[in-house]
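Keep the structure open while you read.

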Amino acid sequence: MHLDTTQLMALAAALGWASGLRLYAVVFLTGLAGWLGWVQLPAGLHVLQSPVLLAVSGALVLVEFLADKIPWVDSAWDTVHTAIRIPAGAALAYGVFGGDEATRGAVAALLGGSLAATAHAAKAATRAAANTSPEPFSNIGLSLLGDAFVPSMLWLSVNQPLWFFALLAVGLVVMVAAIVLLSRFLRGLAGRVRRAAAGDGGAVAR
């Protein structure tokens, strides 16, 4: 499949956004689609088709799949990947246009990095809030939702780019709202824990 301009724009947005959720799945699935000949990837993304990169990213997909299902391990994984997902999302978005047009590639990198940062922040806040619940099922359910949502959005970006942009707009509104609301919840929870700890310390001192 040869991608037109609209599909390329959608792909750049999808790569940036999805990298904030499942970076290794994005690298593996995009590279696999190119390697199998399902999609003619832009020149800047041909490196993703490398058998070595496919093997490494495929192994990391399995590691992330398991780590993302374990309460608190998922939050630790998100913390470590704060410094990885955002620049990787920008680099992947740049690769869609960077091989042919540097200016458009730079714009794509800025937008891709911003989308990756938004998705990553929403994911980290949501999973941190879910980890405050003693049951593990909400955590696993959220993780499985991400496992299904990322490849679906990548597919839409190439096959139905207009539907992708519509869903991305809705998703961004939901994510920004989640970041704001869950950040307040987590700050309030941390404040209650500190006050409780201070109260216990005062009681022990008396």
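## Aromatic pairs

Trp77 counts as buried, at 18% relative accessibility, because the cut-off for buried is under 20%. Keep in mind that this is a predicted model. Tyr24 is buried too, with a relative accessible area of 13%.

How many aromatic pairs does the count come to? The count is 3 aromatic pairs. Take Trp17 and Phe149: their rings sit 5.6 Å apart, centre to centre, with 80 degrees between the planes, an edge-to-face pair. That pair links distant parts of the chain, with Trp17 in helix H1 (residues 5-35) and Phe149 in helix H6, 132 residues apart. Trp17 is buried, at a relative accessible area of 2%, whereas Phe149 is partly exposed at 37%.

Now back to Tyr24 and Trp77. Their ring centres are 6.5 Å apart and their planes meet at 70 degrees, so this pair is edge-to-face. Tyr24 lies in helix H1 and Trp77 in helix H3 (residues 73-80), so the pair ties together parts that are 53 residues apart in sequence.

## The nonpolar core

In soluble globular proteins, nonpolar side chains tend to be buried together. Here, the largest nonpolar core has 39 residues. Which residues have the most contacts inside it? They are Leu15, Trp17, Leu45, Leu92, Val96 and Phe164. So Trp17 turns up again: buried at 2% relative accessible area, it is part of an aromatic pair with Phe149 and is also on that list of core residues.

As for the helices, H1, H4 (82-98), H5 (102-130), H6 and H7 (161-205) each give two or more residues to this core. The largest share comes from H1, with 15 residues.

Phe65, Leu66, Ile140 and Leu144 make a nonpolar surface patch of about 350 Å². Helix H2 (51-67) and helix H6 (137-159) each supply at least two residues of the patch.

Is Leu66 buried or exposed? Leu66, found in helix H2, is exposed, because its relative accessible area is 56% and the cut-off for exposed is over 50%.

Terms used. Residues are numbered from 1 along each chain as its sequence is written. Side-chain values use heavy atoms; hydrogens and water are left out. Patches are made of residues with over 30% relative accessible area and no salt bridge: like charges are joined within 9 Å, nonpolar side chains (Val, Leu, Ile, Met, Phe, Trp, Tyr) within 5 Å. Accessible areas come from the Shrake-Rupley method with a 1.4 Å probe; for residues, only the protein chains shown count as cover. A salt bridge is a side-chain nitrogen of Lys or Arg within 4 Å of a carboxyl oxygen of Asp or Glu. Helices (H or I, at least four residues) and strands (E, at least two) are DSSP runs, numbered from the N terminus. Buried means under 20% relative accessible area, exposed over 50%, partly exposed in between (1.4 Å probe, protein chains only). Rings of Phe, Tyr and Trp (its six-membered ring) pair if their centres lie within 6.5 Å; planes under 30 degrees apart count as stacked, over 60 as edge-to-face and the rest as tilted. A nonpolar core is a set of buried Ala, Val, Leu, Ile, Met, Phe, Trp, Tyr and Cys residues joined through side-chain atoms within 4.5 Å.
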